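Let's take a walk through this fold, from its core out to its charged pairs. Keep the viewer open and turn the model as you read.

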Amino acid sequence: AEDGIRDLVRSRGLGDVYKRQLKDTPRIKDEVYNNNIVIIDIQKLKLDKITFERVMKDLKDVARDVNGDIIGIGDQRYVVITPTSVKISREKIGGGN
């Protein structure tokens, strides 16, 4: 996308999701290293705990390597990873409560 935000995960069968998520991890890393914000749909990946933990460790390592940030959003359905020096505020603004 022109704004630098990419949605790398598309819906498919669960077997495809696991294989693709592992295959997409280097692409996700490349996007972050190229200073792009990446949003990843991890809902189906969470069904395989071992794969989920492996992918999340890799993504957290990337965020740390580039001095970026990583956070789960949307009831932990999505993970957002930011590039160098882009931080995500955890402060709740508005929304009532």
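What follows is a tour of a predicted model, moving from the nonpolar core to a hairpin and then to the salt bridges.

Start in the middle. The largest nonpolar core has 15 residues, and the ones touching the most other members are Ile 28, Val 32, Ile 40, Leu 59, Ile 70, Val 79 and Ile 81. Helix α1, strand β2, helix α2 and strand β4 each put in at least two residues, with α2 giving the largest share, five. Setting aside neighbours within four places in sequence, Leu 59 is in contact with Ile 28, Ile 40, Ile 70 and Ile 81.

Now look along α2 itself, residues 49-65. The helix has 17 residues and spans 24 Å from first C-alpha to last, close to the 24 Å expected at 1.5 Å a residue. Its buried residues include Val 55, Met 56 and Leu 59, but also Thr 51 and Asp 61. After the helix comes Asn 67, with a positive phi near 60 degrees.

Next, the hairpin. Strands β3 (residues 69-73) and β4 (residues 78-82) pair antiparallel over five bridges, with four residues between them. Gly 74 sits in that turn and has a positive phi of about 60 degrees.

Time for the charges. Glu 53 and Lys 49 meet at 3.9 Å, N to O, and they sit four residues apart in α2, about one turn of the helix. Glu 53 counts as partly exposed because its relative accessibility is 44%, while Lys 49, at 57%, counts as exposed. Further along, Arg 64 and Asp 61 form a salt bridge with their closest N and O atoms 2.3 Å apart; they are three residues apart in α2, so about one helical turn separates them. Lys 57 joins Asp 61 and Arg 64 in a network of salt bridges.

Which residue does Arg 90 meet in a salt bridge? The partner is Asp 69, at 2.6 Å, N to O. Arg 90 lies in the segment after β4 and Asp 69 in β3, so the pair ties together parts 21 residues apart in sequence. Asp 69 is buried, with a relative accessible area of 12%.

Methods
Residues are numbered from 1 along each chain as its sequence is written. This is a predicted model: local features need pLDDT of at least 70, side-chain atom pairs count only at pLDDT 80 or more; totals for chains, interfaces and linings use all residues. Side-chain values use heavy atoms; hydrogens and water are left out. Two strands pair if DSSP finds at least two bridges between them. A nonpolar core is a set of buried Ala, Val, Leu, Ile, Met, Phe, Trp, Tyr and Cys residues joined through side-chain atoms within 4.5 Å. Buried means under 20% relative accessible area, exposed over 50%, partly exposed in between (1.4 Å probe, protein chains only). Contact means heavy atoms within 4.5 Å. The expected span of a helix is 1.5 Å times one less than its number of residues. A salt bridge is a side-chain nitrogen of Lys or Arg within 4 Å of a carboxyl oxygen of Asp or Glu.
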